[in-house]
Amino acid sequence: MGQQIIIYRHSRATRCAFSCHFKWNMWRPNMELVTKRCLIRNLKQEDAGDLYQVLSDARVMNYIEATYDMEKTKHFIRTAGLCTPPLVYAIVWKTTGSVCA
């Protein structure tokens with residue numbers, strides 16, 4: 001039986017919400033989930049610039065941890081996004097192609 005996950009990210013500049021059903025043990029390489037406004041996919045090293053915009057924002061990181069510099073962002077992608085299976089995924093706006101989380 002699948003589990004439901006609801007992911008919501010909100011800031012002054014962006015808003016992205018979606019829900020989907022999946023089985024926890026069904027991870028596959030290059031997995032993509034498509035919603036009305038977003039695409040959820042594996043992170044890529046090329047996402048560092050967009051992800052840096054989020055992780056370096058003090059308002060976003062206020063209750064999480066210290067803000068990231070570009071090197072720490074790239075390290076985060078390598079260790080959490082490019083591992084098998086990935087610990088985090090990219091949320092990409094369909095309209096702009098930019099990573100919002």
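What we have is a predicted model, in which local features need pLDDT of at least 70 and side-chain atom pairs count only at pLDDT 80 or more, while totals for chains, interfaces and linings use all residues. Residues are numbered from 1 along each chain as its sequence is written, and side-chain values use heavy atoms, with hydrogens and water left out.

Let me start with the sheet, which is open and has three strands in the order 3-4-5 with antiparallel pairing; strands here are DSSP runs of E, at least two residues, and helices are runs of H or I, at least four residues, both numbered from the N terminus, and two strands pair if DSSP finds at least two bridges between them. Strand 3 (32-34) and strand 5 (90-93) are at the edges with a single partner strand each, so one side of each has no neighbour in the sheet. Strand 3 is joined to strand 4 by three bridges, and Leu33 stands opposite Ile40 in strand 4.

Turning to the rings, a search of the whole structure gives one aromatic pair. Tyr68 and Phe76 make up this edge-to-face pair, at 6.0 Å centre to centre and 85 degrees between the planes, where pairing requires ring centres within 6.5 Å, and planes under 30 degrees apart count as stacked, over 60 as edge-to-face and the rest as tilted.

Finally, Asp47 lies in the loop between strand 4 (38-41) and helix 1 (48-55). Is Asp47 buried or exposed? Asp47 counts as buried, at 5% relative accessibility, with buried meaning under 20% relative accessible area, exposed over 50% and partly exposed in between, for a 1.4 Å probe and protein chains only.
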